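Please examine the sequence and the 3D structure shown here.

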Amino acid sequence: MPISNDFAERLSQSLESITEHYGTPFHLYDEKGIRNTGKGLIQAFAGIAQFREYFAVKALPNPAILKIMQNMGFGFDCSSSAELALSRQVGARGEQIMFTSNNTSAEEFTAAGADGGCILNLDDISLLDKVPQMPELICFRYNPGERRTGNSIIGNPVESKYGVAHDQLLDAYGKARQLGVRRFGLHTMLASNELNHAYMVETARMLLDRVTWLSEALGIEFEFINIGGGLGIPYRPEERPLDIASMGQEISDLFQVFKNHHGYAPRLYLESGRYMTGPHGVLVTRAINRKEIYRTYVGVDACMSSLMRPGMYGAYHHITVLGKDGEEETVDVVGSLCENNDKFAIQRPLPRMQDGDILYIHDTGAHGHAMGFNYNGKPRPKELLLREDDGVELIRREESLSDLLATLSYEPDLFNPG
Ligand SMILES: *Cc1c(COP(=O)(O)O)cnc(C)c1O
């Protein structure tokens with residue numbers, strides 16, 4: 001099932017009045033669902049002495065959401081200066097923040113080091129010479145290339161731009177130690193929307209193997225491994241959810257074996273985005289036009305500025321028409337962009353709709369609003385939080401025309417290079 005029955009039930013009761021109060025379109029996030037998922041994660045990894053989720057800020061960069069994460073004891077995974085600023089705005093400091101950047105600029109290193117710093121996760125060995133002030137704790141992002149640690153589940157990351165190659169890993173940590181680093185972590189991120197928990201278990205196994213190798217070669221201990229994000233959610237009704245309990249149990253077992261062998265075990269970090277918030281958001285929109293040519297098109301008042309995934313990746317997002325489950329017809333649900341991939345659903349059987357009907361698009365709680373863009377001058381919609389006390393709170397206003405035109409107001413700057 002895409003969104004939970006519980007969330008769907010609450011939407012069926014209150015969504016109509018919420019749309020009357022706020023107007024459409026908007027993303028609505030479910031605090032209760034987010035907290036339940038967070039509790040489930042903590043429970044699944046209770047067998048590991050020190051587990052921490054670093055919420056991937058890019059999935060849902062809204063301070064109201066970050067506060068919920070912080071309240072559950074989670075840290076933040078950031079990959080840009082803006083994400084660092086947002087995390088610090090809600091009060092996160094130092095080792096509550098992990099900075100996992102790629103192709104990092106000097107400005108980003110400065111931002112990472114400011115305000116009490118963060119855990120610096122370096123994407124390449126060459127960056128050791130570019131860190132303005134070497135922190136005492138360093139982590140590298142590992143790219144295993146064709147090394148698949150004896151399993152066929154982990155794909156081929158040879159074409160990925162991320163991380164330190166296998167053959168550079170020993171040098172990377174050796175050099176960091178020479179530069180005065182005394183505390184170490186190891187990170188990787190290989191999965192994306194993965195529903196098979198065995199993949200994540202194999203990733204943990206691989207990192208623990210690397211920790212054993214690096215520790216023996218260099219005589220250093222590792223404080224943590226971070227197995228990245230990429231935990232999947234079932235977007236399609238027929239998909240089964242990730243088995244988080246088995247993932248937790250099997251990884252805990254690996255840690256126990258490691259501990260028996262080495263007398264200590266590193267901490268386990270995770271940096272999920274999608275898994276934490278994806279199913280706990282919906283994009284609510286209203287049907288405004290109906291068009292029957294070679295196909296039937298239902299035009300809605302949201303477009304790709306609110307949700308890029310269907311148009312960009314052909315991603316499936318389930319759709320519910322509020323209060324209707326009668327006879328179905330096959331339609332395309334479309335936005336208003338001059339771009340033919342501005343479609344939320346293609347040839348989808350849905351209850352017959354008419355102008356004014358309210359639809360909600362499931363699973364927009366991660367990589368939804370955040371990925372929106374302004375092509376055609378379409379504003380991004382507001383964001384609402386359905387709080388645990390059943391109240392609704394505006395947590396971001398919609399963009400206005402003056403927001404979109406703001407960068408056209410500037411000091412004249414004419415230059416003649418001749
Ligand atoms: C995008 C990203 C994540 C989160 O990915 P999800 O698929 O949302 O879990 C975590 N870590 C890094 C480094 C990322 O780039």
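**Salt bridges in a predicted model**

The count of salt bridges comes to 22, a salt bridge being a side-chain nitrogen of Lys or Arg within 4 Å of a carboxyl oxygen of Asp or Glu. The model is predicted: local features need pLDDT of at least 70, side-chain atom pairs count only at pLDDT 80 or more, and totals for chains, interfaces and linings use all residues. Residues are numbered from 1 along each chain as its sequence is written, and side-chain values use heavy atoms, with hydrogens and water left out.

**Individual pairs**

- Glutamate 329 and arginine 352 meet in a salt bridge at 3.2 Å, N to O. Glutamate 329 belongs to strand S14 (residues 328-334) and arginine 352 to the loop between strands S15 (343-351) and S16 (358-361), so the pair ties together parts 23 residues apart in sequence. Strands are DSSP runs of E, at least two residues, numbered from the N terminus.
- Glutamate 329 is buried at 16% relative accessibility, whereas arginine 352 is partly exposed at 49%. Buried means under 20% relative accessible area, exposed over 50% and partly exposed in between, with a 1.4 Å probe and protein chains only.
- Glutamate 292 is paired with arginine 290, their closest N and O atoms being 2.9 Å apart. Here glutamate 292 is exposed at 51%, and arginine 290 is partly exposed at 25%.

**Network**

- Asp6, Arg10, Asp30 and Lys32 are linked in a network of salt bridges.

**Whole chain**

- Of the 418 residues of the chain, 53% count as buried.

Note on methods: Helices (H or I, at least four residues) and strands (E, at least two) are DSSP runs, numbered from the N terminus.
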